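Dear colleague,

I am passing on the structure we spoke about, and my notes follow it. Please read them with the model open beside you.

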Amino acid sequence: MKNFLLLFVCLFSISKIVAQNNQIFTIKSKTISFEELVILRKKIDSINEFKTLYDDDRYSVRDSCRGEFGGWVKFKDKKTKFEYICESTCALMINKFKGKYIVTGTLNHMGGFTKIYEITNPLLLKKINRGEKIIFQKIGNKGAKILVNKFGMTTLFTFEYNKRLFHIVSNSSETFISEIENGAFKKIQSLYNKEIHTIIPRILNSDNSSKIFFNDYTVKGLKGKGYFEVDKNNITVFTVE
């Protein structure tokens, strides 16, 4: 019996070590001062004030968000100047993945909400005639495929690594890295053992990494302020000391 228990403990320990070694992401935690966080956030606010949501050789994409009342993303064809629209509440970012446009929309309202679209061809979206007034309730999602549509969670960031598309997602109990599988978020790895509650995640991109800020940096007494820094498969969680 003792030998059996010893064998069981050994096998359990080995399986745990193997699981840890097989983790895709290396996650670290660091602390920063409130003053350092403010400097970084002021930088990102000045950069993103008039920035388009997405831009490539073919399209320039703008967005509009009215909170729980709705939002949209608008693709402008640089050659024809025609515009094509799809509802999105509220668009956080667009990734071009395997030739398709992945639109991540999220809103931290009434428990949280996230909807992610796949757009293969923006020309198949609803076309906007010149001078046409945009009515939020009539935009729809023609030409777009819903990959995930979930309440009770928000998406903080979407990124590609090693030819796979990952999403940093937060619910009422934790924040984790996931992939979309069969219309749901499949947890890949834990990132932070708490919910990240932020109205609009702010993202600062550089050549090598991205910083994703959470919570209101202007309130010094508010707990849980900080940012994630994503550099390929290395993720560092910075929180205010």
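A cavity, as the word is used here, is a set of grid points where a 1.4 Å probe fits but cannot get out, and its lining residues are those with an atom within 4 Å of a point. Please keep in mind that the model is predicted.

With that definition, the structure holds one cavity of 30 Å³ or more, and the volume of the largest cavity is about 30 Å³. Its lining is made up of N108, G111, G112, G152, M153, T154, S170, N171, S172 and E195, which by class amounts to one nonpolar, eight polar and one charged residues.

Turning to the nonpolar cores, the largest has 19 residues, and F157, F159, I168 and F228 are those with the most contacts inside it. Two or more residues each are given to this core by strand 6 (91-97), strand 11 (154-161), strand 12 (164-170), strand 14 (184-192), strand 16 (210-214), strand 17 (226-231) and strand 18 (234-240), with strand 11 providing the largest share, three residues. If neighbours within four places in sequence are left aside, F157 is in contact with L92, M93, F166, H167, I168, I203, S210, I212 and V230. Another core, of 16 residues, lies apart from the largest one and includes Y54, I94, V103 and I119.

As to confidence, the chain averages a pLDDT of 85, and 85% of the residues score at least 70. Over residues 4-20, however, the pLDDT is below 50, and this stretch has zero contacts in the model beyond near neighbours in sequence.

With best wishes

How values were computed. Residues are numbered from 1 along each chain as its sequence is written. This is a predicted model: local features need pLDDT of at least 70, side-chain atom pairs count only at pLDDT 80 or more; totals for chains, interfaces and linings use all residues. Side-chain values use heavy atoms; hydrogens and water are left out. A nonpolar core is a set of buried Ala, Val, Leu, Ile, Met, Phe, Trp, Tyr and Cys residues joined through side-chain atoms within 4.5 Å. Buried means under 20% relative accessible area, exposed over 50%, partly exposed in between (1.4 Å probe, protein chains only). Helices (H or I, at least four residues) and strands (E, at least two) are DSSP runs, numbered from the N terminus. Contact means heavy atoms within 4.5 Å. On a 1 Å grid over the protein atoms alone, a cavity is a set of points where a 1.4 Å probe fits but cannot get out, and a pocket is an open set with protein on both sides within 12 Å along at least five of seven lines; lining residues have an atom within 4 Å of a point. Grid points are joined across faces, edges and corners, and a volume is the space filled by probe spheres set on the points. Ala, Val, Leu, Ile, Met, Phe, Trp, Tyr, Cys and Pro count as nonpolar, Asp, Glu, Lys and Arg as charged, and the others, Gly among them, as polar. pLDDT is the predictor's confidence in each residue, from 0 to 100.
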